[in-house]
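Subject: Handing over a structure

Dear colleague,

I am passing a structure on to you, and I would be glad if you could look through it before reading my notes. The sequence and the coordinates are shown just here.

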Amino acid sequence: MHTNMAASVSPLRSSFRICNGFALHHHCCRGKLRVHRKYENQRRHLHQTVTRHVAVVISGTEMARQLHREIQRDVEELVTQGNMRPHLGVILVGDDPASRTYVKNKTRAASILGISSDTVVRPGTVSQKELLGIIDQMNRDWRVSGLLVQLPLPAHIDERAVCNAIAPEKDVDGFHIVNIGKLCLDQRSMIPATPAAVWEIIRRAGIETAGKNVVVAGRSKNVGMPIAMLLHTDRYHERPGGDATVTIAHRCTPRERLKELTGLADIVIAAAGIPGLITADMVKDGATVIDVGINRVRDQKTGKMRLIGDVDFEAVKEKAAFITPVPGGVGPMTVAMLMKNTVMAARNALTH
């Protein structure tokens with residue numbers, strides 16, 4: 001008899017592997033080890049089950065909570081040592097509802113984690129010169145640890161010029177050309193929050209990437225490309241990568257070709273912004289599916305707007321081994337990784 005079921009699993013911190021015999025006596029490491037054992041039991045059960053498809057739904061919300069606790073400890077350690085509390089500066093241009101929501105979520109998360117923040121709001125008619133002037137002021141302000149300009153920007157403003165105007169060491173979005181260049185060279189840098197979230201989900205869930213086939217659907221410079229860089233690069237370099245064989249698909253990839261590629265993939269990462277792009281017939285049994293898409297669509301039953309990803313979640317979860325939901329998957333982890341970058345910027349400032 002075939003039984004279909006979805007299991008939700010709490011995340012683990014993969015760094016448990018570096019805990020030596022002495023460190024494991026610490027209650028934190030013992031707790032992580034218990035989580036790891038529980039996760040490994042579920043993984044073993046998954047691979048031993050031949051007649052059942054069990055999709056492990058990876059909760060980004062639960063993972064983010066764990067990461068939040070780690071960030072809070074880092075913030076308090078900084079403050080206890082007599083250093084300034086990390087501070088996030090945000091610039092919001094225009095009145096786009098989605099952008100306002102994103103900024104609100106980021107500043108709320110900062111407050112919860114003990115990171116101070118302030119938001120500079122300018123109308124959509126602001127000139128590029130004025131915006132660059134604001135960025136320059138915040139670059140010079142020693143009280144600002146990390147700085148971001150919420151994207152997208154109005155059409156009359158050059159986004160690349162704005163991203164490159166932010167000081168690389170304060171660029172918590174990781175969009176500055178210096179940080180992107182370091183990412184491509186496997187050097188330590190500020191990694192864009194969404195790609196960092198995808199990598200952290202894979203890492204903490206213990207999903208193997210070395211030698212695996214990965215398809216990234218989407219080639220944006222802020223999401224798809226950095227994800228591919230993280231997954232294909234050498235695990236032994238300064239900034240460790242995933243050692244996977246990565247294929248990037250995009251809008252010019254014929255759908256039948258995309259289906260061929262995803263059918264061979266051990267890991268499928270959907271980041272194209274197309275609702276329902278990845279369907280069950282495109283995924284092989286036992287694959288990992290990470291859904292980065294955030295699409296607002298109208299619910300045909302209720303008439304209300306709701307969020308869905310790029311993956312046909314209900315159908316694909318019957319075939320996949322691991323899958324992330326939307327909402328509650330990559331989104332919460334993206335905000336958490338942004339906060340982690342802010343703390344990193346505050347630490348880096350101590351050595352400048």
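Predicted model: local features only at pLDDT ≥ 70, side-chain atom pairs only at ≥ 80, totals over all residues.

Residues are numbered from 1 along each chain as its sequence is written, and side-chain values use heavy atoms, with hydrogens and water left out.

On confidence, the chain averages a pLDDT of 88, and 84% of the residues score at least 70; pLDDT is the predictor's confidence in each residue, from 0 to 100. Over residues 1-32 the pLDDT is below 50, and this stretch has 58 contacts in the model beyond near neighbours in sequence, a contact meaning heavy atoms within 4.5 Å. Residues 47-51 also have a pLDDT under 50, and for them the model has 3 contacts beyond four places in sequence.

Turning to the sheet, 3 strands form an open sheet in the order E4-E3-E5, with parallel pairing. Helices (H or I, at least four residues) and strands (E, at least two) are DSSP runs, numbered from the N terminus, and two strands pair if DSSP finds at least two bridges between them. Strand E4 (116-122) and strand E5 (146-149) stand at the edges with a single partner strand each, so one side of each is left without a neighbour in the sheet. The twist from one strand to the next averages 15°. Strand E3 (residues 87-93) pairs with E5 in the parallel sense over 4 bridges, and isoleucine 91 stands opposite valine 149 in E5.

The axes of helix H7 (residues 193-204) and H11 come within 8 Å and cross at roughly 110°, where axes are lines fitted to C-alpha atoms, for helices over the stretch in contact, and angles run from 0 to 180 degrees between N-to-C directions. That makes H7 roughly perpendicular to H11, given that angles under 35 degrees count as roughly parallel, over 145 as roughly antiparallel, 65 to 115 as roughly perpendicular and the rest as oblique. By class, the contact of H7 with H11 has 9 nonpolar, 2 polar and 2 charged residues (Ala, Val, Leu, Ile, Met, Phe, Trp, Tyr, Cys and Pro count as nonpolar, Asp, Glu, Lys and Arg as charged, and the others, Gly among them, as polar).

Helix H2 (residues 60-80) packs on H11 at an angle of about 15°, with the axes 9 Å apart, and H2 and H11 are therefore roughly parallel to each other. Among the residues that meet are Leu67, His68 and Ile71 in H2 and Met337, Lys340 and Val343 in H11. By class, the contact of H2 with H11 has 13 nonpolar, 3 polar and 4 charged residues.

Some backbone details remain. Most residues other than glycine have a negative phi, and most peptide bonds are trans. A cis peptide bond joins leucine 151 and proline 152, with omega about 5°, and proline 152 is found in the loop between E5 and helix H5 (159-165). Another cis peptide bond joins valine 326 and proline 327, with omega about 0°. Aspartate 186 has a positive phi, near 65°, and lies in the loop between helix H6 (177-184) and H7.
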